Amino acid sequence: MFISLLLASWVSHEGILSHGFVYDDHFLLEDNHFIRDPGNLLHLLTRPYSGGQRPGFIATLMLDCAGWGENPVGYHWTSLLLHAVTVLAVFL
């Protein structure tokens, strides 16, 4: 059953791997200097972030930025992985 769920997650989202940034990605990723500085992670977790109230989401963007730079494929892999984990968690 787990393999079926992972396969369904992959099939439903694998198309994103061949695309660049879209919609608000330009604002959230390309033009956002806050996520480019790893030192801001502590600031994000201890004080309100002026860019929104989603510190977990912003923290994953910071980690992606540190690991992938400006390569959209890396961000899409993270999204695909988080989607698959969520599907499994809901199933369990």
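The chain contains 5 helices and 0 strands, and reading along the sequence gives the pattern α-α-α-α-α. Keep in mind that this is a predicted model.

**The chain as a whole**

- Of the 92 residues in the chain, 29% are buried.
- The chain exposes about 6300 Å², and 67% of that area is supplied by carbon and sulfur atoms.
- Now think about contacts between residues at least 6 apart in sequence: 61% of them join residues that are at least 24 apart.

**A nonpolar patch on the surface**

- Which residues form the nonpolar patch on the surface? They are Leu7, Trp10, Val11, Trp68, Val73 and Trp77.
- Together, these residues have about 580 Å² of accessible area.
- Two helices, α1 (2-13) and α5 (72-91), each supply at least two residues of the patch.
- The largest share comes from α1, with 3 residues.
- Trp68, another member of the patch, is found in helix α4, which covers residues 55-68.

**Ala59, a buried residue in α4**

- Helix α4 is also the place of Ala59.
- Is Ala59 buried or exposed? Ala59 is buried, because its relative accessible area is 13% and buried means under 20%.
- Setting aside residues up to four places away in sequence, Ala59 touches Leu41 and Leu44.

**Asn40, a buried residue in α3**

- Asn40 lies in helix α3, made up of residues 40-46.
- With a relative accessible area of 17%, Asn40 is buried, because this value also falls under the 20% cut-off.
- Leaving out its neighbours within four places in sequence, Asn40 is in contact with Phe34 and Met62.

- How many residues apart in sequence are Ala59 and Asn40? They are 19 residues apart.
- In space, the distance between Ala59 and Asn40 is 9.2 Å, taken from C-alpha to C-alpha.
- To find this pair in the structure, look for Ala59 in helix α4 and for Asn40 in helix α3.

Methods. Residues numbered from 1 in each chain as written. Predicted model: local features only at pLDDT ≥ 70, side-chain atom pairs only at ≥ 80, totals over all residues. Heavy atoms only, no water. Patch = residues over 30% accessible without salt bridge, like charges linked within 9 Å, V, L, I, M, F, W, Y side chains within 5 Å. Areas by Shrake-Rupley, 256 points an atom, 1.4 Å probe, with all protein chains shown as cover. Salt bridge = Lys/Arg side-chain N within 4 Å of Asp/Glu carboxyl O. Helix = DSSP H or I, 4+ residues; strand = E, 2+ residues; numbered from the N terminus. Buried < 20%, exposed > 50% of the residue type's maximum accessible area, 1.4 Å probe, protein only. Contact = heavy atoms within 4.5 Å.
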